[in-house]
Amino acid sequence: MAQIQIRPNPMAAITILWADDEIDLLKPSIMFLENKGYRVIPVTNGKDAIDRVAERGIDVVFLDESMPGLTGLETLQRIKAIDQHIPCVMITKNEEENLMEEAIGSQIADYLIKPVKPQQILSTLKKILDNERLVTEKTTSNYQQEFQRLFMQLQENMNHHEWAEFYKKLVYWEIELDKSDSSMKQVFETQKEEANREFNKFVIKNYQQWLQREPGSDAPLMSHQLLRHKLAPLLKDNRPVFMVVIDNLRYDQWKAIQPMVMENYRVEEESMFYSILPTATQYARNAIFAGMLPLDIYRTFGDKWKHDDEEGGKNLSEPEFLDYFLKRTFRDPIRHQYVKITNHRDGELLENNISNYLNNKLTVIVYNFVDMLSHARTEMEVLKELASDEAAYRSLTVSWFDHSPLQQALKKLAEKDVNILLTTDHGSIRVQTPSRCIGDRETTTNIRYKTGKNLNYEEKDVFAVRDPEQFGLPKSRISSTYIFARDDKYLVYPNNYNYYVNYYKNTFQHGGISLEEMIVPVVKLRSK
């Protein structure tokens, strides 16, 4: 296990500017800080403080709020105009709420009430300047303790619910470790890889029987059961319901955007469901809206189902599948609308017209951005650089959501009395290990799953389904076989092998079996 590296105290190089018209009275505190290794520059007014900041070399500023001439707040504003990133601490005798709010709104790092003790000053400095090191050490220590518990859990015979909870813990620690410069990140990656290997064994052993059962102790909630168990109960309520499906949204991406969502909403329920195989849009999302497995969709709708090797869009019939589900589930007609967003212009129309959808009992919004981001990242070098790993991928998702029409539309809906069900169809995994696969011309091109005849592949790298109908999957030909990539594998043809290995390595893909692809969130929101 990696060892914690404690770095030397970096405070010796820290320079503090302290502005107070009664600076002589603060000599004991200044001497205390100097004895701790800090350099303190005292000034008696705001103008001198601004001049010293302009000269650069100041790490932290302490400002008395009630100095003659320029007040502390006026000085703060001018300092921020010079260097908006410099941390400033306001010190005052005034405890009025409006003054505190104004100071906080001006982006102060802390707010202290006189008289302040030297230990308070030291604590504030550590919080501002040494926060990253302290957080890193604490996070590392906590994960070291949790590592063994997670390791022991992997040795147990977990059920589907325990696997979902285990994955949630992994995501929690992944995000926590990404906040710090922790030496445990590589240890965590190794543990996640081991978890995915064990999860693959679990899925392969149980998947077929799950398809024959209702959600409960023996089987998870799956794609084709989602509307019946999560949406239908909401439609019995008097409030309008908005179902938002963000295509290809992993659980960690949901946790990354959740703070923004919670500015306007309460999370009434957060749960997980398992995507069907293949974890690909044309299978998982069609299954969601039809409330059926792909084989049953094919048998019921015939030409509305498009096989992988057929031309044309594979998700064009979702509105009809949704109609069919609602008609067979509810006695009375449900006024509803299906809205699909595939570009920014569509998103702007959604934002501008969101209030019009309040006349519906149900509005389904399918937002395709994250899926497009995943595919674009494979094709565009600049996006490969921007989303080079999971942390960067989450960050890019946060940036998109924060500036998206979807975020603005949700803010408008927060002013209304509505129910919102936010979910996805499947997730994705960063693929790293190539696996050779050979097929004929009819074999599909997806690199996390393939269907066709005469497939030749590495047995240990895939889950092979030779009788697709037993797994709820249609066959395009009598001898069709499906194979699903395991762990972080990706399927590459021998032709021009090295080129495609490098082309797809470290890209985010879906269609196979992994925690990230299969265990995905479904969240019920209510406005505050």
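At roughly what angle do the axes of helix α1 and helix α5 cross? In this predicted model, the axes of α1 (residues 27-35) and α5 (residues 118-129) cross at roughly 45 degrees and come within 9 Å. Angles under 35 degrees count as roughly parallel and those from 65 to 115 as roughly perpendicular, so α1 is oblique to α5. The briefing below also covers an open sheet of five strands, the buried strand β4 and helix α9.

**Packing of α1 and α5**

- Two packed helices are described by the angle between their axes and by the distance between those axes.
- The crossing of α1 and α5 is right-handed.
- On the α1 side, the contact is made by S29, F32 and L33.
- On the α5 side, P118, Q119, I121, L122 and L125 take part in the contact.
- Of the residues in this contact, six are nonpolar, two are polar and none is charged.

**The five-stranded sheet**

- The strands are arranged in the order β2-β1-β3-β4-β5, and their pairing is parallel.
- At the edges stand β2 (39-43) and β5 (110-113), each of which pairs on one side only.
- On average, neighbouring strands of this sheet are turned by 20 degrees against each other, direction ignored.

- Strand β4 spans residues 88-92, and five of its five residues are buried, so the strand is largely enclosed by the rest of the structure.
- In a regular strand the side chains alternate between the two faces of the sheet.
- Both faces of β4 are covered, with C88, M90 and T92 buried on one side and V89 and I91 buried on the other.
- Strand β3 (residues 60-64) pairs with β4 in the parallel sense over four bridges.
- β4 also pairs with β5 in the parallel sense, over four bridges.
- Residue I91 of β4 has D64 opposite it, and I91 likewise stands opposite L112 in β5.

**Helix α9**

- Helix α9 covers residues 226-235, and seven of its ten residues are buried, so this helix is largely enclosed by the rest of the structure.
- The buried residues of α9 are L226, L227, K230, L231, A232, L234 and L235.

Notes
Residues are numbered from 1 along each chain as its sequence is written. This is a predicted model: local features need pLDDT of at least 70, side-chain atom pairs count only at pLDDT 80 or more; totals for chains, interfaces and linings use all residues. Side-chain values use heavy atoms; hydrogens and water are left out. Axes are lines fitted to C-alpha atoms, for helices over the stretch in contact, and angles run from 0 to 180 degrees between N-to-C directions. Helices (H or I, at least four residues) and strands (E, at least two) are DSSP runs, numbered from the N terminus. Angles under 35 degrees count as roughly parallel, over 145 as roughly antiparallel, 65 to 115 as roughly perpendicular and the rest as oblique. A crossing is left-handed if the near helix is turned anticlockwise from the far one by less than a right angle, and right-handed if clockwise. Contact means heavy atoms within 4.5 Å. Ala, Val, Leu, Ile, Met, Phe, Trp, Tyr, Cys and Pro count as nonpolar, Asp, Glu, Lys and Arg as charged, and the others, Gly among them, as polar. Buried means under 20% relative accessible area, exposed over 50%, partly exposed in between (1.4 Å probe, protein chains only). Two strands pair if DSSP finds at least two bridges between them.
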